[in-house]
Amino acid sequence: MKKRPWLHLIALLFLLLPLTVASAQANYSFALPEETVHLYWQNDGSLTISYTFVFVNDPSGHPIDYVDVGMPTDWFFEDNAQATVNGKSVPVSESEYAGDGYGLAVVLGDNAIQPGQRGVVTLRVTDVTRVLYTDSTDEAYASAVFSPTWFGKEYVHGNTALTVVYHLPAGVQPDEPRYHLPSTNWPGAETPAIGYDSNQRITYTWSSDQANGYTQYKFGASFPARYVPAEAIQTPSVWQRLGIDPTTFAALITVCGSLGFIVFSAVLAVRQQERRRLEYVPPKIGIEGHGIKRGLTAVEAALLMGEPLDKVLTMILFSVIKKEAAEVIQRDPLRLKVADPLPQGLRSYEKDFLEAMQETDPNERTRLLQSLITRQIRVVQEKMRGFSRRETIRYYRTITERAWQHVKQAQTPEMKADKFGEYAEWTLLDKDFDDSARRAFGAGRVYTPVWWGRFDPS
């Protein structure tokens, strides 16, 4: 195993850094005695992230009802995330995330960690993509850099026993990978412990009981690029090579322009003060609705795009079937058997859909479905307030493309079926669904997803 100076790695500059968590409540106060992060760098170029947090809520602290966890890129699916608190499954929501940048909120709800209590929260996210970059010192290597999420210093106190474990792609040989030196503020050893996991994948492990939950630490490694698809490795942009966030740069230009305008206006006022008296008005920056609204579900994205309502209802039907909240007992006319009790984590429109489908009066069922769609359109309108519809639609089109890519890249018909089942709602957003499905599955045998039996009783 070879080590290399941190400053030599351009991967430091790319944006694989989850941003700090910001809480809307000022009275959260807790300790984070333990945090463990496992990072599985897969052979398809994706990343699986597994967090385990141990929280100890202060006796005077607010109940810990949400845990915001930053994500390294926006190329992930909420549906690929699973979370628990003290062993109980809890929902995960991208739209509830209150931190900066990209991330997910673990919604503890009734399982909130109460004042004076200890709680263990886990989060596992699979298929996070666009997380590898070309190594700046060797183009034959891929560079993988990660920074575990951190919390506001005003909320967390005390030391944290932090452990970060890199699981390198399968097949990487012992003399091939190179670990990066961690950031200079890391209180533990610079050299990671080197070993193997249960699947005989090489691991790099950094650990220290002198870390804390409010500081950003950076870790990284490089391995031969041939172990992942070429298209999975990104080339750093000009901004990333310079270490500049383009959004920040644009804001800086705006501020500088505003300051220049202020100076120019002041000089002009002085020169004209003999002729007229000017009233000073402080400059204001008016920002029109812009930017991408992330965190919409596939159903909400479909409503935003103006998809036919039968398609929207089909997407909801697939969703409740996948969640084992219902199964089809008759196709024409459609009749459902609704689970009792309902599983946790159902969205409001999914519950409304199930309520409507249990109605035996066709007219009343139609009225309930119309009310469902009307309410959800209002929800989407509210969520889109201040955001660009055009940019947001373009963003969700790319998510649809990514969903098909996951299906196409699966190596066997059975794996294709699993991936299709996983991303079914997103693929339905494709206006060319039929052609895309033919290209994805080819002319061979097509296997149905494991949940298909609850959709097609035949």
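Tutor: A salt bridge is a side-chain nitrogen of Lys or Arg within 4 Å of a carboxyl oxygen of Asp or Glu. This is a predicted model, where local features need pLDDT of at least 70 and side-chain atom pairs count only at pLDDT 80 or more, while totals for chains, interfaces and linings use all residues. Residues are numbered from 1 along each chain as its sequence is written, and side-chain values use heavy atoms, with hydrogens and water left out.

Student: How far apart are N and O in the salt bridge of E176 and R226?

Tutor: Side chains of opposite charge can pair when their charged atoms come close. The side chains of E176 and R226 meet in a salt bridge, with an N to O distance of 2.3 Å.

Student: Why does the E176 and R226 pair tie together separate parts of the chain, and how many residues apart are they in sequence?

Tutor: Helices (H or I, at least four residues) and strands (E, at least two) are DSSP runs, numbered from the N terminus. E176 lies in the loop between β13 (160–167) and β14 (178–180). R226 lies in the loop between β17 (219–224) and β18 (233–234), so the pair joins parts whose separation in sequence is 50 residues.

Student: Is E176 buried or exposed?

Tutor: Buried means under 20% relative accessible area, exposed over 50%, and partly exposed in between (1.4 Å probe, protein chains only). E176 has a relative accessible area of 11%, so E176 is buried.

Student: Which residue forms a salt bridge with E78?

Tutor: E78 counts as buried at 12% relative accessibility. The closest N and O atoms of its salt bridge are 2.1 Å apart, and the partner is R347.

Student: How many residues apart in sequence are the parts that E78 and R347 tie together?

Tutor: E78 lies in the loop between β4 (66–70) and β5 (81–85). R347 lies in the loop between β20 (335–338) and α5 (348–357). The pair therefore ties together parts whose separation in sequence is 269 residues.

Student: What arc do the buried residues of α5 cover around the axis?

Tutor: The buried residues of α5 are Y349, E350, F353, L354, A356 and M357. The arc is that of the directions from the helix axis to the C-beta atoms. These residues lie on the same side of α5, because they cover an arc of only 160°.

Student: In which helix is R375, the salt-bridge partner of D352?

Tutor: D352 and R375 form a salt bridge, with their closest N and O atoms 2.9 Å apart. D352 is in helix α5, and 23 residues separate the pair. R375 is in helix α6.

Student: Are α7 and α10 roughly parallel or roughly antiparallel?

Tutor: Axes are lines fitted to C-alpha atoms, for helices over the stretch in contact, and angles run from 0 to 180 degrees between N-to-C directions. The axes of α7 (residues 389–409) and α10 (residues 433–441) come within 8 Å and cross at roughly 25°. Angles under 35 degrees count as roughly parallel, over 145 as roughly antiparallel, 65 to 115 as roughly perpendicular and the rest as oblique. The two helices are therefore roughly parallel.

Student: Which residues is K311 in contact with, leaving aside neighbours within four places in sequence?

Tutor: K311 is found in helix α4, and counts as buried at 18% relative accessibility. E307, K311 and R397 are linked in a network of salt bridges. Contact means heavy atoms within 4.5 Å. Beyond its neighbours within four places, K311 is in contact with L428, L429 and D430.
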